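Student: Could we go through this protein together? I'd like to know where the labels come from.

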Amino acid sequence: MTRSLSFSLPVTVVVLAIAYIYFSTVFIFIDRWFGLMSSPGLLNAAVFTGVALMCVFNYTVSVFRDPGRVPSTYMPDVEDSGNPIHEIKRKGGDLRYCQKCSHYKPARAHHCRVCKRCVLRMDHHCIWINNCVGHANYKVFFIFVVYAVMACVYSLVLLIGSLTYDPEKDEEQTGDSFRTAYVISGLLLVPLCVALSVLLGWHIYLILQNKTTIEYHEGVRAMWLAEKGGQIYSHPYDLGAYENLTMVLGPNPCSWALPASGHIGSGLRFRTAYDYASAASMSE
């Protein structure tokens, strides 16, 4: 499912940054280091173009794909023995009901104040894609970050390499426009490499724990309350690192780097650690 897109300044900034980094990398850094028409130059240009295309494609899908909409007819079935998890409100113990959307919320769904609707397995609202990151577009968002980190690090290596290669010749031939391009690229790439690497590391941690950003913060509070009551808190959706990984990226490792999402299901119900516990007890 896709959604319509209005003008967004952050999205425009991202598109312009991607275009600038691509053209400066291919037509300045690679050309000055290897020569664009040489074999190493063509090889590096082809590899970088492939990474950039995957980055742009996954970014586009992240922007346009609907993150997951709660069906207007959704009603939790409290008598469903196959679904032992029914999230309740912190106060009162009632089933979670969204007063703004006027319907019940499935487990892991949250209301986004920016999108003004409930989002399935909501992680966060991202201004850089002008969209929520949720059940349906989480994988493509994660893959976009992976390719963005690869592209930025690759470009930074080529930038540094083109500066250090034959510095005397470079000093003679470098004009003011090239100096400006190098300065702007450096000011873009260094903070982008750091920020995107931190973001990537954070989401790798979340995926291995089978948590969303919202669930992480809720889990900190739940852990504190559990310890205060002399209990041990465990995240109910944590199935083990590899199972958690396949829940997001899919069961086939060959498709992990591709934006395929046929494995994610409806987003209304998720496997839990209790499913495995009940299955183990039945097999005994």
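Tutor: The protein chain exposes about 15,700 Å², and carbon and sulfur atoms supply 64% of that area. Such areas come from the Shrake-Rupley method with a 1.4 Å probe, and for residues only the protein chains shown count as cover. Keep in mind that this is a predicted model: local features need pLDDT of at least 70, side-chain atom pairs count only at pLDDT 80 or more, and totals for chains, interfaces and linings use all residues. Residues are numbered from 1 along each chain as its sequence is written, and side-chain values use heavy atoms, with hydrogens and water left out.

Student: What makes a residue of the protein chain count as buried, and what percentage of the 284 residues do?

Tutor: Buried means under 20% relative accessible area, exposed means over 50%, and partly exposed is in between (1.4 Å probe, protein chains only). Of the 284 residues, 41% count as buried.

Student: Where do Arg108 and Lys116 sit?

Tutor: Arg108 is in the loop between strand S2 (103-104) and strand S3 (110-112). Lys116 is in the loop between S3 and strand S4 (117-119).

Student: How do you know what counts as a helix or a strand, and how many are there?

Tutor: They are DSSP runs, numbered from the N terminus: helices (H or I) need at least four residues and strands (E) at least two. On that basis the protein chain has 8 helices and 6 strands. Along the sequence the pattern reads α-α-β-β-β-β-β-β-α-α-α-α-α-α.

Student: How do you know how many disulfides there are?

Tutor: A disulfide is a covalent bond between the sulfur atoms of two cysteines. The rule here asks for a pair of cysteine sulfur atoms within 2.5 Å, and by this rule the count comes to 0 disulfides. Take Cys132: the closest cysteine sulfur, in Cys112, is 3.2 Å from its own, so that's too far for a bond. Cys193 is in no disulfide either, as the nearest cysteine sulfur, that of Cys152, is 5.0 Å away.

Student: Why are Cys132 and Cys193 called buried?

Tutor: Cys132 has 0% relative accessibility, so it counts as buried. Cys193 has 12%, so it counts as buried too.

Student: What makes residues 7-30 a "transmembrane region" here?

Tutor: That label comes from the UniProt annotation (unreviewed entry), which covers residues 7-30, 42-61, 140-161 and 181-208. In the model, residues 7-30 are 92% helix and 0% strand, with end C-alpha atoms 34 Å apart. Residues 181-208 are 100% helix and 0% strand, and their end C-alpha atoms are 39 Å apart.

Student: What makes Phe141 buried, and which residues is it in contact with?

Tutor: Phe141 lies in helix H3. Its relative accessible area is 3%, so it is buried. Contact means heavy atoms within 4.5 Å. Leaving aside neighbours within four places in sequence, Phe141 is in contact with Ser62, His124, Cys126, Ile129, Val133, Leu199 and His203. The C-alpha atoms of Phe141 and Asn58 are separated by 6.8 Å, although these residues are 83 apart along the chain.

Student: Which residues of H7 are buried?

Tutor: They are Asn244, Leu245, Thr246, Met247, Val248 and Leu249. Just after H7, Gly250 takes a positive phi of about 105°.

Definitions and conventions. UniProt positions are given in the numbering used here, feature names are shortened, and annotations may be inferred rather than shown by experiment.
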